[in-house]
Amino acid sequence: MQNNPNTTLVTPTAPIANHTHGGRAKCLQRLVRLDMPVPQTVALSFDAVDRIGKGQLPDIQRILEQFPEDAVLCVRPSSEDPDWGGPGAILNIGISEARYEALCDSLGQDAAATIYTRFVQSYAVQVERLDPDMFDAVSETGAQGLKDTLRAYEDETDEPFPTDRAVQLGAVLRSMARAWNGTSARLLRQARGAPGDAGLGLVVQQMAFGLGQGERGAGVLQLVNSQTGMPQVTGRYLRQGQGRDALLEDADSLYLTRDPRGPSFEELMPDMFAAVTEHARLMRRRLREEMQVEFIVENNRLHILDGVRVTRSSRAAVRIATELARDEIIPPEEALMRIEPRALNELLHRRVAPDAPRDIIGCGIAASPGAATGRVVFSATDAQAHASRDEPCILVRRETSPEDVRGMHAANGVITERGGITSHAAVIGRGIGLPCVVGVEDMTFRLDQGTLRASDGRVIREGDTITIDGSSGEILLGAPEMQEAAQDDAFQQLMVWADEARDIAIRANADTPADAATARNFQAEGIGLCRTEHMFFEVGRLTLMREMIFAETQEDRRAVLARLLPLQRQDFAELFSIMEGQPVCIRLFDPPLHEFLPMDRAGQRELASALGLPIGDVTRRIASMSEYNPMLGLRGVRLGVTVPEIYEMQARAIFEATVEASREGAAVVPEIMIPLVSAKREVELVKTVVDGIAAAVRTEQGASFDYRLGVMVETPRAALRSGDIAQHCAFLSFGTNDLTQMTYGLSRDDAGRFMSQYVNQQVFAEDPFHTLDVDGVGELLKLGSERGRAAHPGVTLSLCGEHGGDPESIAFCRQAGFDYVSCSPFRVPVARLAAAQLAIASKIS
């Protein structure tokens, strides 16, 4: 058998590898090498199992020759990655009337009958694919239960139960091989990240009996808590048990360690407990992983049946990897590589407890991670009212607009009927760490009636309590148990190692002082995008903005903007103070002006009263400012060119805040970014204005300061003409949200309605608003960066769209030679870890 690599006896030197026989087979070989008491085992390779699925059984007799003639066997799956799953294990293969009689003598009749009965039932259901209901009439246990089970099998199949060990084993192997290749199983493992052609190995192992006379039992033991990763001996031991029986909910299992709630394995068999615990510690040291030990006690004899990687939450995964590195079992670089970057989201936000019941009433796009519970409200005003009373609420809107930002800050979570991964609600939600679910099309939104109707007919009214899970996109009725965020010492240590390894800078998108503080807390290396328009929706400022919009002359507009200047200056000074000399990139005013005007009749009447104008004048002015496609209309630099006094005010506020902050702390070098540029002349015009304001402030303040002027590359033309534009810039920052939108001709707010169908039908490999389209949008980034650097070798290159927090997009930016990426504050740790993994992988390759 040792000469046949496809059917191999597990010995210390056998040719067994993870990629040929699977993880379980390789782990068992490692346990054998450690001289652990592992029962005799034969491993079948991926190739062997593939042939079995096609009807070519191996030499069953040669397999059986590796075991004692009377051995009872089990077969377990062995996939390359345990997370890919596999068919269930089948125990007690090889039982027959003769073997049953022998087991009655050695184990006792009840134990022997249980072993035989279990095999008949599992063989019928898992191998023959018979209906398990056929055994519902079997109510007896012991010998009578066995007779009833055999009779039920014969009645169903019109033939006696097979008792030949070779026939039984061959049928089991064939069944498990075919189950692995079934359509459902293939789709399930692909959803878990397995390739479509992933192989399956099988291990055939001699059974050790945890049932029968004397002190016998089965148990599992691990050294850490699966939820926290903290040291804790956990598991169960079941006297008179088999396999993983001890973990069954209705099992009368013992605790492992001494426990006031009941008897324990440690008290019952202290020497055996100590031996199992030592085996677990040895596995940790030598297998370089936290392992769960599956064991059988057969009177005074211990059998180690298996060692499997401890199931763990994201929080536990970080703790386990960090502790292994601290104990010098693995290097820090390997600890970093073991953590999926996106899994950090679970540590940064509250989430629904894994074992909490979920009453799902709707689903949408998971737009901003975390979970929140609160009462349903349908307006930003109501959300603010709830916040003033310290009452948690969930804001429900068809879609959000800048007017809703204050309500979003007040709410605990947001649901929108429309939108996609880069819609307004999604971007703001991720920026402030607010759980958000968008594109909820399986619920009926009746904002006029204050109701939501679920697809099953249930109606949720204003004031009802719901929970949203921004990590899964689910909307739940009620208030399930929550698990709090956990940025503990293990998380902090992992981030320190990540910063030591990565070679691309990570900044944060931050629009408010609170955002900036969060960015600092997550060790962002500056602000890569500050969207100034959100500052104008604060109390007292919105009316001033509207007054400025309604001003008839340039002088009138400047007069109103002069009243906004100190407020804007205070905003920037606070940001500079929080960032303590780190770079702050401020995007000048970007949105179309009509976004600041009320669209409803009540709001227009209120505005008319505030401005002292007839309601008719107000409605006509608002109508005259409407655009067929406002996102491609008068906004960004176009507004700065045609209404230059807005950018004049902002530039003055930035420079005056620079002088103020530099006097009180570290020197500030602000970065000013011009949005939506498509032509070199636009940059020249705005640069002239900004340079003039800078000179005036230097003279007025008697102060010297530096600043950097750059462009947000959001239009395809700006990317293509970046060589011209870069000559007038210190930096080019690619805004991939709008660049993707314009490249595809696709509204990011509406794409969610059909994007899942496009991805499922492989029109797009991924949602291009979620993962950077390297073939299309990426080509523009490459051209833009190459042409920009050719014209201006010292120009700084960055990406500041939501793609900045996506690991795959970071890989592209790093390869393209970008200096930094900028993402939402709560995605900064994800980006830091992803960047570190890319740097480590490049050194390995």
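Start at Arg315: leaving aside its neighbours within four places in sequence, Arg315 is in contact (heavy atoms within 4.5 Å) with Gln227, Thr228, Leu347, Ala486 and Asp488. Keep in mind that this is a predicted model, where local features need pLDDT of at least 70, side-chain atom pairs count only at pLDDT 80 or more, and totals for chains, interfaces and linings use all residues. Residues are numbered from 1 along each chain as its sequence is written, and side-chain values use heavy atoms, with hydrogens and water left out.

Arg315 belongs to helix α12 (residues 314–326); helices here are DSSP runs of H or I with at least four residues, numbered from the N terminus. With a relative accessible area of 30%, Arg315 is partly exposed, on a scale where buried means under 20%, exposed over 50% and partly exposed in between (1.4 Å probe, protein chains only). Its C-alpha lies 6.0 Å from that of Leu347, 32 residues apart along the chain.

Now for a helix pair. The axes of α18 (residues 489–501) and α33 (residues 828–844) come within 8 Å and cross at roughly 50°; axes are lines fitted to C-alpha atoms over the stretch in contact, with angles from 0 to 180 degrees between N-to-C directions. The two are therefore oblique to each other, the class left once under 35 degrees (roughly parallel), over 145 (roughly antiparallel) and 65 to 115 (roughly perpendicular) are taken out. Residues meeting there include Phe491 and Met495 in α18, and Arg832 and Ile840 in α33.

Finally, 17 of the 21 residues of α25 are buried, so α25 is largely enclosed by the rest of the structure.
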